[in-house]
Amino acid sequence: MRPTVIRRTAVAASTVCLALLATACGGSDSGSGDKGADAKGKDAAAKPAAKALTAAELEKAALAQGDVKGHKISKAAAKDVVSVDDIKVGKEVCAPLADALMGAQVGEPGAFTKRTVVSEPKKGSMDKQGTDAEGAFKAAFDITTTQLALGSYDGKGAEESVAALRTAATECAGGFDFTAAGEKQKVSKITEEKVKGGEDAAAWTVQLEQDGEKVGMKLVALRQGPSFATFSSMNLAAMGGGGDFELPTAVVEAQAAKLA
């Protein structure tokens, strides 16, 4: 199969996984409606516009090794970073989703950083007795790799980024094509998932087709204050057969907590 951006990330993740296996195996309003509306308007006017975190503040707020039990966390390697300028989408409305899926920034954040989060192999996954070879392989490689892209925005940039992703997921649910770092990608289906976290969150299962093979990915969007994070995940055991896997809930919850 021709190498792709997604496949290269999976191979890099498998190297990490093999190393891990080797070492570890309120009250009512009595006033009038008009007064209530006026009060809300004054509160909104008095609330200062959101200000983006500085680059240093964002780095401190981003996940670090030790923040999520059972996961290895590191700054994203240069080879795993795809610039938004290197992502081309035929349907403009789908661009935010393609950007998030590739771990690139959505919108124009004042500060931006990336992390790679890899779940550690489950204990005993290599010691399953009486299982067939395929079952043993899936158990050993039931490892999820998540590209965490975290940005902080001035004004309503974070809210607008969540809205743009929701619009893209709805308008492009039937699929779309895009190019990332010169390699063609095809999204064939987008399905909404349930997720909680931060002040606003949304999630989807995104099915891609590569050279006739189906690859399922998970995409989560999280907003907390002026900051917005996307979590683009794949699972080694689920690749190739269109298999399903769980959302990176622990990773999302941990990042929401650090941003709160």
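What follows is a short chat about a predicted model of one protein chain.

Colleague: New to this one. How many helices and strands does the protein chain have?

Modeller: The secondary structure comes to seven helices and nine strands. Keep in mind that the model is predicted.

Colleague: And what share of the residues is buried?

Modeller: Buried residues make up 45% of the 260 residues in the chain. The accessible surface of the chain is about 13400 Å², and carbon and sulfur atoms account for 52% of that surface.

Colleague: Let's go to the strands. Which way do S6 and S7 run, parallel or antiparallel?

Modeller: Strand S6, residues 183–193, runs antiparallel to S7, and six bridges join the two. One of the pairings is Ile-190 with Val-206 in S7.

Colleague: What sits between S6 and S7?

Modeller: The two strands form a hairpin with six residues between them. In that turn, Gly-197 has a positive phi of about 155°.

Colleague: Why is S7 called largely enclosed?

Modeller: Strand S7 covers residues 200–210, and eight of its 11 residues are buried, so the rest of the structure largely encloses it. "Buried" here means under 20% relative accessible area.

Colleague: How many bridges does S7 have with S8?

Modeller: S7 pairs with strand S8, residues 213–224, over 11 bridges in the antiparallel sense. Asp-200 stands opposite Arg-223 in S8. These strands also form a hairpin, with two residues between them, and there Asp-211 takes a positive phi near 50°.

Colleague: Is S9 mostly covered or mostly open?

Modeller: Mostly covered, with nine of its nine residues buried. In a regular strand, side chains alternate between the two faces of the sheet. In S9, both faces are covered. Ser-227, Ala-229, Phe-231, Ser-233 and Asn-235 are buried on one side, and Phe-228, Thr-230, Ser-232 and Met-234 are buried on the other.

Colleague: Changing topic: what is the volume of the second largest cavity?

Modeller: About 40 Å³. Its lining includes Ala-104, Phe-112, Leu-150, Tyr-153, Phe-228 and Thr-230.

Colleague: Which strands supply at least two residues of that lining?

Modeller: S4 (144–152) and S9 (227–235) each do. S4 gives the largest share, three residues.

Colleague: How many of the lining residues are nonpolar, polar or charged?

Modeller: Seven are nonpolar, three are polar and none is charged.

Colleague: Last topic. How many disulfides does the structure hold?

Modeller: One. The disulfide joins Cys-94 to Cys-172, with an S to S distance of 1.9 Å. Those cysteines are 78 residues apart, so the pair links distant parts of the chain.

Colleague: Where is each cysteine?

Modeller: Cys-94 is in the loop between strand S2 (87–89) and helix H4 (95–101). Cys-172 is in the loop between helix H6 (157–171) and strand S5 (176–180).

Colleague: Are Cys-94 and Cys-172 buried or exposed, and what is the handedness of the link?

Modeller: Both cysteines are buried. The link is left-handed, with -100° about the S-S bond.

Key. Residues are numbered from 1 along each chain as its sequence is written. This is a predicted model: local features need pLDDT of at least 70, side-chain atom pairs count only at pLDDT 80 or more; totals for chains, interfaces and linings use all residues. Side-chain values use heavy atoms; hydrogens and water are left out. On a 1 Å grid over the protein atoms alone, a cavity is a set of points where a 1.4 Å probe fits but cannot get out, and a pocket is an open set with protein on both sides within 12 Å along at least five of seven lines; lining residues have an atom within 4 Å of a point. Grid points are joined across faces, edges and corners, and a volume is the space filled by probe spheres set on the points. Helices (H or I, at least four residues) and strands (E, at least two) are DSSP runs, numbered from the N terminus. Ala, Val, Leu, Ile, Met, Phe, Trp, Tyr, Cys and Pro count as nonpolar, Asp, Glu, Lys and Arg as charged, and the others, Gly among them, as polar. Buried means under 20% relative accessible area, exposed over 50%, partly exposed in between (1.4 Å probe, protein chains only). Accessible areas come from the Shrake-Rupley method with a 1.4 Å probe; for residues, only the protein chains shown count as cover. Two strands pair if DSSP finds at least two bridges between them. A disulfide is a pair of cysteine sulfur atoms within 2.5 Å.
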